[in-house]
Amino acid sequence: MSKGTVEKYALLFVVCGIVFAANYARYQVSGLAHLVVSDLHLTSAEFSAVLFAPFVPAVVFGMPVGVCADRYGVKVLVFIASAISAIAAAARAECASFATLFTATMLLGAAPCVVNAIVLKVLGSAFGGETDRAMGWFYAAGSGGIACSLATSPLFATPGRAYALAAVLFAVFGLLWLLVAPSADVLQAADGLGVQGAEPASSSASAFATVIKMPMVWLVAILLGVALASATAYSGYLVSALEVSTEPQVAGLLASFVTLGSIVGSVAGPYARAQFGDYRVFMAIAAMAGSALMWAGEAFVSQPSVGLMFAIGASTAVAGPVVQSLPYMLPEVREGLAGSAGGVVSTVSLGLTFLIPVALSFCIGESYETLLFGCAVLFGATALASPFLPSPDSLM
């Protein structure tokens, strides 16, 4: 491989490593739930708040981080965020109350907040037309972090040892980032700044103002948020629904195949998209197939199968990397605004991922099968957005 090829895949490896560490650290609370709840005497509401705490930085700071990435580069941003997450991951071992655990877990979201905001800019500048394929590995790494966390966390004798491993992962990939991170000049050159008369935005405010006027960016952000929220909520409710008719250990094992399917779907999706002349057709088919399989999972929840669980995970993940890569196809975004666009997409999509499951629970109640059906309907509804996305010809 050429030097450039090695560098871009090294960059992809480290970016994937950071999101792997982020999800590994976040889902440790789920894997260690029996110890965390009993040690700190948490209520169910407090435990749920801790689970979702890492989303808070992304919702609050996602847009400013994206703007700063366009203005000043990404090297220092990601390193500082990784350092904060490493300290927060280790600090959870000393938490003795809900307030301290919530705060530490919230700070844990610093690294994923920054990485989700700048991933479009970084991978887009490195991979160009293959951004969606690189994004597929990014999604797969996140799912892999969840799977590894849930599988290994119960093996630790104390939560402190598990948290220490998460801190080490953040520290290692944060240091590796300093070795592979592109400089601001490299990103600007890749974005086309200074080429063919393109000029950088005059200020951070004007860059952000330009991005928020782009309907495509908002449409992608909402589309991605609804898809992620429905798929994430479905996975969460599925375990509880399965436990009604199966043993908890069996329910957890079956649900793990959804995560395994999502890993495969994330990687395969962009390659499958390439077989379609119009990416919008692929996205509509993926949404309808995912919805149908989610409905089947709800209908046969009392007689689940490994194959169906795997298919649900794969079908709900195939379009995610394609959707998140769409803003980088816009010429005006590639010309120095990818960070701002990524910040908007990250903030809105993760905000919806947090709010939609809460709204579903509030409206439907505790009927898990009805909640699963609601998630299936929401996921299928994303197919309605396909006709409103720009045609492939307009993205050249």
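Glu298 lies in helix α15, which spans residues 279–299. The model is predicted. Glu298 is buried, yet it has no salt bridge. The nearest side chain of opposite charge belongs to Arg26, and that is 24 Å away. A salt bridge would need a side-chain nitrogen of Lys or Arg within 4 Å of a carboxyl oxygen. What does Glu298 touch, leaving aside its neighbours within four places in sequence? Its contacts are Tyr234, Glu369, Leu372 and Phe373.

Now turn to helix packing. Two packed helices are described by the angle between their axes and the distance between those axes. Take helix α5 (residues 55–72) and helix α8 (residues 110–127). They pack at an angle of about 45°, and their axes are 8 Å apart. Angles under 35 degrees count as roughly parallel, and 65 to 115 as roughly perpendicular. α5 and α8 are therefore oblique to each other. The crossing of α5 past α8 is right-handed.

Which residues form this contact between α5 and α8? From α5 come Pro57, Ala58, Phe61, Gly62, Val65, Gly66, Ala69 and Asp70. They meet Ala110, Cys113, Val114, Ala117, Ile118 and Lys121 of α8.

Helix α8 also packs with helix α7 (residues 98–108). Here the axes come within 4 Å and cross at roughly 25°. The cut-off for roughly parallel is under 35 degrees. α7 and α8 are therefore roughly parallel to each other. On the α7 side, the contact involves Met106, Leu107 and Leu108. Their partners in α8 are Ala110, Ala111 and Pro112.

Terms used. Residues numbered from 1 in each chain as written. Predicted model: local features only at pLDDT ≥ 70, side-chain atom pairs only at ≥ 80, totals over all residues. Heavy atoms only, no water. Helix = DSSP H or I, 4+ residues; strand = E, 2+ residues; numbered from the N terminus. Buried < 20%, exposed > 50% of the residue type's maximum accessible area, 1.4 Å probe, protein only. Lys, Arg positive; Asp, Glu negative; His and termini not counted. Contact = heavy atoms within 4.5 Å. Axes fitted to C-alpha atoms, helices over the stretch in contact; angles between N-to-C directions. Parallel < 35°, antiparallel > 145°, perpendicular 65-115°, else oblique. Left-handed = near helix turned anticlockwise from the far one by under 90°.
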